[in-house]
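Hi everyone, thanks for having me.

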Amino acid sequence: MITKLLLIVVIVWITFASFRTIYNLSKIPREEMSWVRLDDEEKKNKAYSEIHKIDKELKKVVAPNDCVHFYTKDKTGVSYFLLRYLSYPTRVYWANLEDYRNVSNQRIRGENRICSISVSHNDAEINNQRSIKDEFVIDGARIIKH
Amino acid sequence: MIIFPFIFSILIGWSILKMMRFSADTLSILGYSYGLGLSVIGFQLIFFSFLQIPWNIWIIIVPWLPLILFTIAKNKYNFKILKPKLGLLEKILIAAILSLTLFVFFESSIRPLMAYDAWSNWFLAAKAFYLYQGVDVSYIQFAGNSSPPLISVMVSNVYIFLGNINEQAGIYLFTGFYISILLVLYGELKSMTSRTNALLFTFLLASSENLIRHGGRIDVGHADIILGYFILCSTILLIKYIKQADFRHITLFALFLSPISLLKNEGIVIALVISFAAIIFSIKNKQKFLVLILFLLITSSPYILWKLFHHFYNLPDYPLFSSFDISRTFEVLINIAKELLNIRRWNLLWIAFFVFLPFALKGKQEKAIALVVLLINLAYFSTYLTTALDPIEHLRGSLDRLLLHTAPLAAFLTGLLFYRKFKNSKLLKS
């Protein structure tokens with residue numbers, strides 16, 4: 001009885017694994033060919049959408065050794081961490097991060113840093129009092145020079 | 001040449017294994033060599049960084065060249081290509097495993113980096129360390145990054161070899177660990193059971209959606225598959241040491257145990273669990289207990305060095321723990337059970353593991369593997385009772401990744417127990 005049960009479990013596992021394999025392979029023509037046809041720039045546009053565009057604009061306007069204060073309504077951190085990765089070595093701080101629980105987050109907010117660029121993503125409010133020299137709007141974001 | 005850093009890592013690992021006269025199936029040696037090579041280069045780069053020596057390709061290659069050249073010269077007549085006679089079932093299984101491996105490789109080639117942890121941590125640190133040519137303390141302060149550095153240093157090593165920040169090559173590093181897990185699992189299961197059984201369980205593990213996702217699909221770039229690899233290798237080497245307590249096996253066990261604590265924050269807990277299992281079985285077998293303790297202390301030295309560095313530069317700490325809350329137990333258990341039964345992510349891997357688990361009590365080696373899997377998962381269970389975050393939210397966002405750490409080992413044990421139970425079947429004979 002127990003031997004039969006053990007065998008049934010493994011047979012069901014093999015069945016699921018086989019279907020999973022066929023299903024995964026079928027994704028290549030169904031879903032993945034849309035990625036294959038794209039070049040690197042198009043892939044980044046598709047995967048990262050407006051964050052990639054913000055990064056490209058920042059690369060044009062941020063001076064070496066300068067930093068960026070990023071304001072976003074995205075509380076998951078995806079927008080911030082992606083922009084921070086793409087823009088590095090430019091240091092991007094999450095200026096309106098609400099979670100103060102630990103020192104790491106206080107560092108991520110960049111509270112004592114003076115940056116000459118602020119970015120408002122998804123119409124997030126920019127709550128610093130610094131004067132604005134110039135500003136322009138791109139898809140999904142407002143970039144401000146102080 | 002995008003493949004060059006990986007070939008060089010394999011050559012280093014292979015040379016070390018040959019120097020240690022480690023004998024195992026050729027494919028599993030290839031699998032062991034990959035992770036061993038990458039981890040020793042990682043240690044080398046971290047050590048150079050502590051000494052303020054800036055990284056470049058020559059300081060990686062030159063120290064290893066004599067060993068590699070000597071090993072190649074010594075083994076140049078030892079390469080054999082075997083053509084085994086395969087049955088139909090074996091051919092089908094090999095075709096399925098190769099299809100899955102090619103699928104994972106294809107998936108890792110078509111998308112840019114998509115994993116959250118990769119952007120927020122591993123690949124960002126790799127970029128920063130590469131640009132700084134060392135472990136950059138000011139970057140760690142800026143990013144509020146509390147993770148140990150080994151994974152990012154491994155990715156930096158790939159960038160150093162290629163001379164630029166090649167994200168695609170960094171992604172392939174993780175795909176390499178998917179393949180290496182399968183190679184080690186196959187080779188070791190084959191030597192302990194039969195070829196058909198080894199192929200069957202390699203296929204069953206290879207087709208787990210969660211492993212595929214971390215090997216090359218959406219989740220590639222998370223550190224967990226690398227942790228899964230080192231847990232698998234170190235535990236298999238532990239059971240070899242239990243069987244044959246000699247200098248060679250304890251050294252190899254230590255070489256694979258040592259990187260674990262520098263991969264992720266939870267790595268130190270895992271390293272302690274595996275060390276605990278080693279001590280228990282060493283006492284039970286009346287083996288040389290003091291030798292083991294000495295090796296475990298040597299194994300922990302890179303972690304101690306990192307902690308001193310961490311303390312000296314006042315680097316950020318891991319902030320997730322608060323007090324122990326026993327009232328969460330039931331809710332946490334229910335959600336863990338849901339994840340274990342999640343067929344979309346695991347097929348029947350965890351169900352089969354628990355169904356076969358009682359039979360592990362019969363063998364010494366099987367008991368050791370079961371102990372490691374259960375204790376690591378017990379440690380994760382206790383994490384959810386102490387987390388400072390909402391426990392269920394934390395669990396839903398992390399448990400699938402934590403279970404990946406022990407999934408290859410769980411598949412290995414299930415394969416072992418399945419064979420013990422059905423070894424008289426004609427299908428498993430070859």
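**A walk through the model**

Let's start with S156(B): this residue is buried, because its relative accessible area is 0%. One thing to keep in mind throughout is that we're looking at a predicted model. So where do we find S156(B)? It sits in helix 8 of chain B, the helix made of residues 150-162. And which residues does S156(B) contact, if we skip its neighbours within four places in sequence? Those are W55(B), A126(B), F129(B) and Y130(B).

Okay, next up is Y132(B), which belongs to helix 6 of chain B, residues 116-132. Y132(B) has a relative accessible area of 47%, so we call it partly exposed. Now look for P54(B): 78 residues separate it from Y132(B) in sequence, yet in space the two are 8.1 Å apart, C-alpha to C-alpha.

Then there's Q133(B), in the loop between helix 6 and helix 7 (137-143) of chain B. Its phi is near 65°, which is a positive value in a residue other than glycine. Q133(B) is partly exposed too, because its relative accessibility is 39%.

Let me take E90(B) as well, which is in helix 5 of chain B, residues 88-110.

Now, on to how helices pack. When two helices pack, we describe them by the angle between their axes and the distance between the axes. Our example is helix 12 (residues 224-243) and helix 13 (residues 247-257), both in chain B: the angle is about 165°, and the axes are 8 Å apart. Angles over 145 degrees count as roughly antiparallel, so that's what we call helix 12 of chain B relative to helix 13 of chain B. The crossing of helix 12 of chain B past helix 13 of chain B is left-handed.

Who's touching whom here? On the helix 12 side of chain B, the residues include Y229(B), F230(B), L237(B) and Y241(B), and on the helix 13 side of chain B they include I250(B), F253(B) and L257(B). If you sort the residues of this contact, you get 11 nonpolar, 2 polar and 1 charged.

Let's zoom out to the nonpolar cores. The largest one has 193 residues, and among those with the most contacts inside it are F123(B), L173(B), F177(B) and W350(B). Which helix gives this core its largest share? That's helix 20 of chain B, residues 391-422, with 17 residues. As for F177(B), leaving out residues up to four places away in sequence, it touches Y34(B), L38(B) and M154(B), among others, and also Y229(B) and F230(B). There's a second, separate core as well, with 5 residues, including Y71(A), A95(A), I126(A) and I144(A).

While we're in chain A, two backbone details. The peptide bond from Y88(A) to P89(A) is cis, and its omega is near 20°. You'll find P89(A) in the loop between helix 3 (78-87) and strand 2 (91-94) of chain A. The other is N122(A), in the loop between strand 3 (117-121) and strand 4 (134-138) of chain A. N122(A) isn't a glycine, but its phi is positive, near 55°. With 36% relative accessibility, N122(A) counts as partly exposed.

Technical notes: Residues numbered from 1 in each chain as written. Chains lettered and ligands numbered in written order. Predicted model: local features only at pLDDT ≥ 70, side-chain atom pairs only at ≥ 80, totals over all residues. Heavy atoms only, no water. Axes fitted to C-alpha atoms, helices over the stretch in contact; angles between N-to-C directions. Helix = DSSP H or I, 4+ residues; strand = E, 2+ residues; numbered from the N terminus. Parallel < 35°, antiparallel > 145°, perpendicular 65-115°, else oblique. Left-handed = near helix turned anticlockwise from the far one by under 90°. Contact = heavy atoms within 4.5 Å. Nonpolar A, V, L, I, M, F, W, Y, C, P; charged D, E, K, R; others polar. Buried < 20%, exposed > 50% of the residue type's maximum accessible area, 1.4 Å probe, protein only. Core = buried A, V, L, I, M, F, W, Y, C linked by side-chain atoms within 4.5 Å.
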